[in-house]
Amino acid sequence: MDNIVKLFGERVRLLRRQKNYSQERLSELAGLHPTYIGQVERAEKKCTIETANRIAAALGCTLSELLAEPTETEQKVMLETDTEKQHIISELVQKLLVLDTDKLRKRASVILDMASID
């Protein structure tokens with residue numbers, strides 16, 4: 001069950017990015033809160049069929065298109081995005097490991113603040 005929620009969130013994120021929409025823009029079009037869109041994309045929230053339909057309409061697709069299995073190309077894009085994220089995180093960790101504890105706390109605070117924006 002949790003896997004389908006994760007796949008749905010990934011699909012929303014993929015289609016949103018294909019439209020070059022921010023989470024804020026998608027939320028405006030769907031009449032939802034931006035935080036909620038982020039929670040759906042991260043599989044932290046399960047949405048109702050009605051809400052899924054609103055998201056689909058905002059993305060310019062049908063509910064069945066939104067719920068469809070990702071194509072091979074879409075799967076490749078999602079995998080590339082994950083690989084790119086892993087590379088960025090690895091670089092970041094390497095740079096953070098050389099900092100003393102106080103500097104690390106300050107940098108972590110900035111990163112966490114920035115992460116909560118989108």
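Helix α3 is mostly covered, with 6 of its 8 residues buried. This is a predicted model, and the mean pLDDT of the protein chain is 86.

**Helix α3 and what follows**
- The buried residues of α3 are Y36, I37, G38, Q39, V40 and E41.
- After α3 comes A43, which has a positive phi, near 65°.
- Two of the buried residues of α3, V40 and E41, are also touched by V12, once residues up to four places away in sequence are set aside.

- S27 sits in helix α2, which covers residues 23-30.
- S27 has a relative accessible area of 2%, under the 20% cut-off, and therefore counts as buried.
- Beyond its neighbours within four places in sequence, S27 is in contact with L32, H33, P34 and I37.
- I37 in that list is itself one of the buried residues of α3.

**The largest nonpolar core**
- The largest nonpolar core has 16 residues, and V12, L26, I55, L59 and L66 touch the most other members.
- Helices α1, α2, α3 (34-41) and α4 each supply at least two residues of this core.
- The largest share of the core comes from α4, with 4 residues.
- Not counting residues up to four places away in sequence, V12 touches L26, V40, E41, I55, L59 and L66.
- Among these partners of V12, L26, I55, L59 and L66 are listed with V12 as the members that touch the most others in the core.

**The second largest pocket**
- About 390 Å³ of space lies in the second largest pocket.
- This pocket is lined by 18 residues, and those closest to its centre are I4, V5, L7, F8 and L67.
- Two or more lining residues come from each of α1 (2-18), α4 and α5 (63-67).
- Helix α1 gives the largest share of the lining, 5 residues.
- By type, the lining divides into 13 nonpolar, 1 polar and 4 charged residues.

- In the protein chain, 92% of the residues reach a pLDDT of 70 or more.
- Where pLDDT is low, predicted coordinates should not be read in detail.

How values were computed. Residues are numbered from 1 along each chain as its sequence is written. This is a predicted model: local features need pLDDT of at least 70, side-chain atom pairs count only at pLDDT 80 or more; totals for chains, interfaces and linings use all residues. Side-chain values use heavy atoms; hydrogens and water are left out. pLDDT is the predictor's confidence in each residue, from 0 to 100. On a 1 Å grid over the protein atoms alone, a cavity is a set of points where a 1.4 Å probe fits but cannot get out, and a pocket is an open set with protein on both sides within 12 Å along at least five of seven lines; lining residues have an atom within 4 Å of a point. Grid points are joined across faces, edges and corners, and a volume is the space filled by probe spheres set on the points. Ala, Val, Leu, Ile, Met, Phe, Trp, Tyr, Cys and Pro count as nonpolar, Asp, Glu, Lys and Arg as charged, and the others, Gly among them, as polar. Buried means under 20% relative accessible area, exposed over 50%, partly exposed in between (1.4 Å probe, protein chains only). Contact means heavy atoms within 4.5 Å. A nonpolar core is a set of buried Ala, Val, Leu, Ile, Met, Phe, Trp, Tyr and Cys residues joined through side-chain atoms within 4.5 Å.
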